[in-house]
Amino acid sequence: MLRVMIADDEERICKLITALVDWKALDMEILGIAHNGPEAIELAEKLRPDILITDIRMPGCSGLDLIEQIKKSKPELEIVIISGYAHFEYAQTAIKFGVGDYLLKPINKEELNTTLRKFQERIFARQALLESGGRLFQKSEHDLKRLREGLINQLLSRKGERLSLATLREEYYLQVEPGIFQGVWLKLDSRPGTLTEAGLSALMKKIESILEGGLRPKCTEMVFGIIGASYVGFLNYRDRKKEELRRSLKDCLNQLKFQQALYGPVQISLAVGQSSANPADLETSVYEASVMIKERLVRGSGRILERMPEPSALHEQRLLDRYLRRITHAVEVMSLEEADTIVSDLSDAVKAVRDVRGYEVLDLIHSCASLFLSRMEVACRTELLQRFDEQCDWCGSMEELFELLGELLRTHIGALREKHENDTDRPIRQAKEYIRKHFQESITLEEVSGHVGLNPAYFSVLFKKTEGEGFAKYLIHLRMERAKQLLRESNDPVALICRKVGYNDVKHFTRTFEKDTGVKPATYRKLYG
């Protein structure tokens, strides 16, 4: 059924147009009525009508302005102007903007119906030609490409309308047929700086050429767009072509592996989402492909990735909690060495998780970078995190991701250290770093002050002024925090934990712990372990 919209500032004219036509007999329906120019533009964008009936003069903007605006987004729209202004120049201008007919008030019923029947025949003929593979509709290749890129972005956003065969044919001019619909995600990985802009452009064109040559003959339709370092889209093909198409995908990937050698250390992987006979499932299939392509980070590049992965036990490890605590201290004492250790330990912990998933690793890396930049209190944090995510998108393995995270930490902590190289807090930072490394031992104020080159009395005053508490209280607090962590996360006996945090006397440790937390160590473990 064809969709009709009316735009006229006179309510009686709108009612008259509605009454003069047998809409059902013409296989048409009135979807909306607007009474001024801006409202008409907004309504047309929302309803996407096939036919517009409008006055030349309306509040807000003229009918001619309305036509010019709407034609930009929907060039195939059929338009009839109804006006009391019998001036030939209006008709000339309207025709220039693509108006199909021009009628004068008072509205003649027969003329209006004749015009609408003419529009109906024109639209149905165009649709028939499109379905048979014709391209009567005069639209530039550039506009079609942009339109289909919009479709890909809609699928990725997962906020669009549920697609149907009719929508794909009528709105996007695709020659889709009943059969299989399947999302495809091809990913290019290369270390930053490896590919020049010209090299990337050439490689993307080669990818497009190989996919077109290898898949187009097997498909009813295929649509792809470039998203960053990815080539994303979907295929429509007959069910009987399923196995043949999978072989073609493999052949295309093999050809691309050969091509990648010409461009340096570049890796290419390919993921396919779940196939479905319902085009409304395309959104889900493309999303699945976007998740599966991340499996290359743990399984390796250069392969076809299928089957949606099940989540692992990574989230149960509470890695972010430990990371946050440690990175906060590393930033506080500006320790590059500690930052390196944190990243190394995090990498080892992730690799120890059975069947860890690529998307889980990528999410973890993003969270670690975000938490670090928050603790650094850097300017333009959002922009820095976005740039970091873009760099991650070019990584092809877990190892590269952790290297990138380490570089981020070293860069910003190093800059912070350089900025504060000569400030008065430097001895206290060094002291806190020394305490952090040796709190398990029987360290003293004299030992720490000697390490930073200050006499004990001055160091004691400076430490309290800087930290808000004396050396002894700071040391106790640090030991108690570590003791609480061990009680929560390990099965070590209290006596062993006592020694691990720098105490030789269990009774003394227990009294100190109870004073700090309000409960004995064993009770704390029962409550929080």
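Which residue forms a salt bridge with Asp321? The partner is Arg318, with the closest N and O atoms 3.4 Å apart. Here are some notes on this and other contacts.

1. First, the ground rules. This is a predicted model, in which local features need pLDDT of at least 70 and side-chain atom pairs count only at pLDDT 80 or more, while totals for chains, interfaces and linings use all residues. Residues are numbered from 1 along each chain as its sequence is written, and side-chain values use heavy atoms, with hydrogens and water left out.

2. Back to the opening pair. A salt bridge here is a side-chain nitrogen of Lys or Arg within 4 Å of a carboxyl oxygen of Asp or Glu, and by this rule the count comes to 29. Asp321 is partly exposed at 42% relative accessibility, and Arg318 is partly exposed at 48% (buried means under 20% relative accessible area, exposed over 50%, partly exposed in between, with a 1.4 Å probe and protein chains only).

3. Asp355 and Arg354 also meet in a salt bridge, at 3.9 Å from N to O. Asp355 is partly exposed at 47%, whereas Arg354 is exposed at 72%.

4. Do look at Glu171, which forms a salt bridge with Arg48, the closest N and O atoms being 3.7 Å apart. The pair links distant parts of the chain, 123 residues apart: Glu171 is in the loop between α7 (165–170) and β6 (180–189), and Arg48 is in the loop between α2 (37–47) and β3 (51–55). Helices (H or I, at least four residues) and strands (E, at least two) are DSSP runs, numbered from the N terminus. Glu171 is buried, with a relative accessible area of 16%. A network of salt bridges links Arg3, Arg48, Asp50 and Glu171.

5. On to the rings: the whole structure holds nine aromatic pairs (Phe, Tyr and Trp rings, the last by its six-membered ring, with centres within 6.5 Å; planes under 30 degrees apart are stacked, over 60 edge-to-face, the rest tilted). Phe463 and Tyr474 form an edge-to-face pair, 5.3 Å centre to centre with 75° between the planes. Phe463 lies in helix α19 (residues 456–467) and Tyr474 in helix α20 (residues 471–489). Phe463 is buried at 0%, and Tyr474 is buried at 9%.

6. Phe513 and Tyr524 are another edge-to-face pair, at 5.6 Å and 85°. Phe513 belongs to helix α22 (residues 506–517), Tyr524 to helix α23 (residues 521–528). Both residues are buried. Ring pairs join Tyr503, Phe509, Phe513, Tyr524 and Tyr528 into a cluster.
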